[in-house]
Amino acid sequence: MALEGLRKKYRTRQELVKALSSKRRSIHLNPNDHSNGTASSDADVLAHIKHFLSLAANSLEQHQQPISIVFQNKKKKGDVNNSDIYTTLDFPLNGPHLYTHQFKLKRFSILLNLLKIVMEKLPLGKNTTVRDIFYSNVELFQRQANVVQWLDVIRFNFKLSPRKSLNIIPAQKGLVYSPFPIDIYDNILTGENESKLQKQTVFPGKPCLIPFFQDDAIIKLGTTSMCNLVIVEKEAVFTKLVNNYQKLNTNTMLITGKGFPDFLTRLFLKKLEQNCSNSISSCSIFTDADPYGISIALNYVHSSANSVYNCTMANYKGIHITQVLAQNNGVHNKAIQLLGLNQRDYSLAKNLIVSLTANSENVATSPLKNFIMECQREIFFQKKAEMNEIDASIFQSQ
């Protein structure tokens with residue numbers, strides 16, 4: 001059709017540009033043959049990724065045809081809409097909105113880059129950490145959270161429920177020290193898509209990273225005696241306790257999440273609670289005597305993120321600001337430096353009190369009253385302190 005005819009048929013510039021533009025080819029990330037909700041084998045995942053990337057490459061390179069990647073999104077919690085939610089990523093993009101285009105193109109690049117990494121790593125049969133992937137292209141990913149987000153998109157669209165299904169796992173962060181062996185029995189999928197029982201052992205007498213395992217794993221303690229669990233905020237305190245282990249109660253297991261606990265540390269504690277509660281006499285959490293320490297302790301027992309992994313058997317034992325004051329008043333005890341609360345500390349403590357008392361009619365009977373009282377005390381004294389120099393006797397079970 002001649003240009004004059006097109007101008008008569010399409011009255012506006014937008015309509016004319018649309019008519020002259022090549023028709024986009026839609027490529028769906030969610031394969032139809034995997035829509036039954038079951039986990040696919042590694043071979044199925046690889047075959048679909050290769051097919052997906054081949055379609056994209058052929059459209060762009062051979063046919064000079066724009067493409068649209070279509071993928072399904074998870075529904076938000078509380079969403080009553082039954083219809084599925086889809087997102088479309090177009091390439092290439094045209095138009096004056098340069099900043100918006102840069103953002104969309106980055107999402108497109110991250111998705112394709114991760115699909116390529118999965119295609120390369122999956123046949124090797126070795127685990128790769130999210131951290132390693134992030135540092136392989138920091139400029140593109142910018143944050144590790146972006147890697148996690150888009151890996152979740154891939155898993156969700158491939159109907160892959162286990163977090164280890166792509167052989168990409170979170171970096172191990174938490175540490176454990178135990179005087180007895182800890183056996184972890186984990187079901188893994190073999191290359192033939194068959195389930196196989198795998199045993200991992202945390203050996204006694206030395207600190208080690210909490211091993212990676214699936215949600216349905218079973219943990220068994222290699223002791224017939226009752227044991228104590230002590231969870232500490234900092235690695236420095238954890239190391240100090242390991243070096244002075246003789247000052248603790250016998251059969252004490254030490255755990256640290258190195259600050260805010262990662263998912264694996266929380267899962268490990270939850271599994272201990274589910275599988276070994278009959279062998280655990282006490283479980284105590286110790287953090288700095290400041291609002292951030294209180295917030296870290298709450299992450300173990302009362303987190304809104306993945307609340308099913310909250311460790312309800314854990315008791316917040318301090319350190320409390322009053323314990324620091326009592327140690328400083330002791331004749332032979334080493335004094336701990338007290339610092340003043342700044343405005344940010346005060347705001348956090350106040351917000352914690354508001355959130356912890358929002359649904360509680362009686363604070364005195366609230367299961368979270370220790371957290372509330374500690375926030376109030378720190379606000380009253382306008383002081384905070386670190387736990388590094390606290391006397392080791394405080395970590396003994398009471």
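## Ground rules

Helices (H or I, at least four residues) and strands (E, at least two) are DSSP runs, numbered from the N terminus. This is a predicted model, where local features need pLDDT of at least 70 and side-chain atom pairs count only at pLDDT 80 or more, while totals for chains, interfaces and linings use all residues. Residues are numbered from 1 along each chain as its sequence is written, and side-chain values use heavy atoms, leaving out hydrogens and water.

## The chain as a whole

The protein chain holds 13 helices and 16 strands. Of its 398 residues, 42% count as buried; that word means under 20% relative accessible area, with exposed being over 50% and partly exposed in between (1.4 Å probe, protein chains only). Now for contacts, meaning heavy atoms within 4.5 Å: among those between residues at least 6 apart in sequence, 71% join residues at least 24 apart.

## A mixed sheet of three strands

Let's start with an open sheet, whose three strands come in the order β1-β2-β3 with mixed pairing. Two strands pair if DSSP finds at least two bridges between them. At the edges sit β1 (25-28) and β3 (85-91), each pairing on one side only. Neighbouring strands here are turned by 30° against each other on average, direction ignored. Axes are lines fitted to C-alpha atoms (for helices over the stretch in contact), and angles run from 0 to 180 degrees between N-to-C directions.

Strand β2 (residues 67-73) runs antiparallel to β3, and seven bridges join the two. Along this pair, V70 stands opposite T88 and N73 stands opposite I85.

Helix α7 (residues 144-157) lies across β2 and β3 and runs at about 80° to β2.

## An enclosed strand

How many residues of strand β11 (residues 227-232) are buried? Six of the six are, so β11 is largely enclosed by the rest of the structure. In a regular strand, side chains alternate between the two faces of the sheet. Both faces of β11 are covered, with C227, L229 and I231 buried on one side and N228, V230 and V232 buried on the other.

Strand β11 has parallel partners: six bridges link it to β13 (residues 280-286), and five join it to β12 (residues 252-256). V230 stands opposite S284 in β13, while I231 has I255 of β12 as its bridge partner.

## Two packed helices

Two packed helices are described by the angle between their axes and the distance between the axes. For α10 (residues 291-301) and α13 (residues 369-381), these are about 175° and 10 Å. That makes α10 roughly antiparallel to α13 (angles under 35 degrees count as roughly parallel, over 145 as roughly antiparallel, 65 to 115 as roughly perpendicular and the rest as oblique).

The contact is made by P291, I294, A297, L298 and V301 of α10 with F371, E374, C375 and E378 of α13.

## A listed position

UniProt, in an unreviewed entry, lists Y135 for "active site"; its positions are given in the numbering used here, feature names are shortened, and annotations may be inferred rather than shown by experiment. Y135 lies in helix α5 (residues 130-136). With a relative accessible area of 49%, Y135 is partly exposed.
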